[in-house]
Amino acid sequence: MLIQNTKTLTHPKLRVFLYGESGVGKTTMASTFPRPLFLTPANEGSEVTLLGQDFDFIRLGLDDNGRQIPIRAHVANVLSELEARLKKALAAETDAECEAAFPWQTVVAESLTHYCDLVVEDVSSGGAKKMDQLAWGKVSTHLRTYYNRLNNLDCHVVLTSLAKTATLDSGAVIGGPSIIGSMAQKLPSA
């Protein structure tokens, strides 16, 4: 007879994409995942939804003094730090060391809609440069890299976005995430 202990069970790491109109509860839903860390674009402010509750968040695109910084470089640094912390947690010898290194079980990438706006602003140098095919390619590549690095984290990952809807001639309403270009189809399907 094989006797096992539930401490040895591993929980599957979920990948969830939530999109909907503003105020429908995407952030609140994401907060129900185990020990979330919210990555919130500086131009969005969804963390106020969780006001008075105990959740960690990082404002993407702002330095420690609240000044705007280039989003792509900031996100690369944040993800590198999370990856390093997770690697340290996985190598930890005790549960306490593991939790001290990486106290979150979920990373929530808040509003990709607003995040995309910051990436376009970064690529276009605040609108000073034209958004040509090469520039849009940089945006798309950055979004894929952002998603892939999040996806490779050994924790739950929740992505949120505003919704974009359209009414067909038949009267049917269809919708999807409000993300620029083909990434609106590619990111949720990945």
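User: How do you know what length helix α5 should span, and what do its end C-alpha atoms say?

Analyst: Keep in mind that this is a predicted model. The rule is 1.5 Å times one less than the number of residues. With 19 residues, α5 should span 27 Å, and its end C-alpha atoms are 27 Å apart, so the two values agree.

User: Which residues of α5 are buried?

Analyst: The list includes Ala135, Val139, His142, Leu143, Tyr146 and Leu150. Arg149 is also on it. To be called buried, a residue needs under 20% relative accessible area. As for spacing, an α-helix has 3.6 residues a turn, so residues three or four places apart point the same way.

User: What makes α2 and α5 roughly parallel or roughly antiparallel?

Analyst: Their axes come within 11 Å and cross at roughly 15°. Angles under 35 degrees count as roughly parallel, so α2 is roughly parallel to α5. The crossing of these two helices is left-handed.

User: What links Glu83 and Arg149, and why does it get that name?

Analyst: A salt bridge does. The cut-off is 4 Å between a side-chain nitrogen of Lys or Arg and a carboxyl oxygen of Asp or Glu. The closest N and O atoms of Glu83 and Arg149 are 2.7 Å apart, so the pair passes. Glu83 sits in helix α2 and Arg149 in helix α5 (residues 133-151), so the bridge ties together parts that are 66 residues apart in sequence. Glu83 has 29% relative accessibility, so it counts as partly exposed.

User: How many salt bridges does the structure hold?

Analyst: Four. One of them joins Arg67 and Asp63, whose closest N and O atoms are 3.2 Å apart. Another brings together the side chains of Asp122 and Arg72, at 2.9 Å from N to O. Asp122 belongs to helix α4 (residues 112-123) and Arg72 to helix α2 (residues 71-91), so this pair connects parts that are 50 residues apart in sequence.

User: How many aromatic pairs does the structure hold? And what makes the pair of Phe17 and Tyr19 stacked or edge-to-face?

Analyst: There are four aromatic pairs. For Phe17 and Tyr19, the ring centres are 6.3 Å apart and the planes meet at 65°. Centres have to lie within 6.5 Å, and planes over 60 degrees apart count as edge-to-face, so the pair is edge-to-face. Phe17 is buried at 18% relative accessible area, whereas Tyr19 is partly exposed at 40%. Then there's the pair of Phe102 and Trp104, which is also edge-to-face: 5.2 Å centre to centre, with 90° between the planes. Phe102 is buried, with a relative accessible area of 4%, and Trp104 is buried too, at 13%.

User: What is the phi of Arg35, and where does Arg35 lie?

Analyst: Phi of Arg35 is near 35°, a positive value in a residue other than glycine. Arg35 is in the loop between α1 (26-30) and β2 (36-41). At 37% relative accessibility, it falls between the 20% and 50% limits, so it counts as partly exposed.

User: And what about the phi of Ser125?

Analyst: Ser125 isn't a glycine, yet its phi is positive, at about 50°. It sits in the loop between α4 and α5. Its relative accessible area is 39%, so Ser125 is partly exposed.

User: To zoom out, how many helices and strands does the protein chain have?

Analyst: Six helices and six strands. Along the sequence they run β-α-β-β-α-α-β-α-α-β-β-α. The C-alpha atoms fill a box of roughly 60 × 45 × 35 Å along the principal axes. Of the 190 residues in the protein chain, 38% are buried.

Key:
Residues are numbered from 1 along each chain as its sequence is written. This is a predicted model: local features need pLDDT of at least 70, side-chain atom pairs count only at pLDDT 80 or more; totals for chains, interfaces and linings use all residues. Side-chain values use heavy atoms; hydrogens and water are left out. Helices (H or I, at least four residues) and strands (E, at least two) are DSSP runs, numbered from the N terminus. Buried means under 20% relative accessible area, exposed over 50%, partly exposed in between (1.4 Å probe, protein chains only). Rings of Phe, Tyr and Trp (its six-membered ring) pair if their centres lie within 6.5 Å; planes under 30 degrees apart count as stacked, over 60 as edge-to-face and the rest as tilted. Axes are lines fitted to C-alpha atoms, for helices over the stretch in contact, and angles run from 0 to 180 degrees between N-to-C directions. Angles under 35 degrees count as roughly parallel, over 145 as roughly antiparallel, 65 to 115 as roughly perpendicular and the rest as oblique. A crossing is left-handed if the near helix is turned anticlockwise from the far one by less than a right angle, and right-handed if clockwise.
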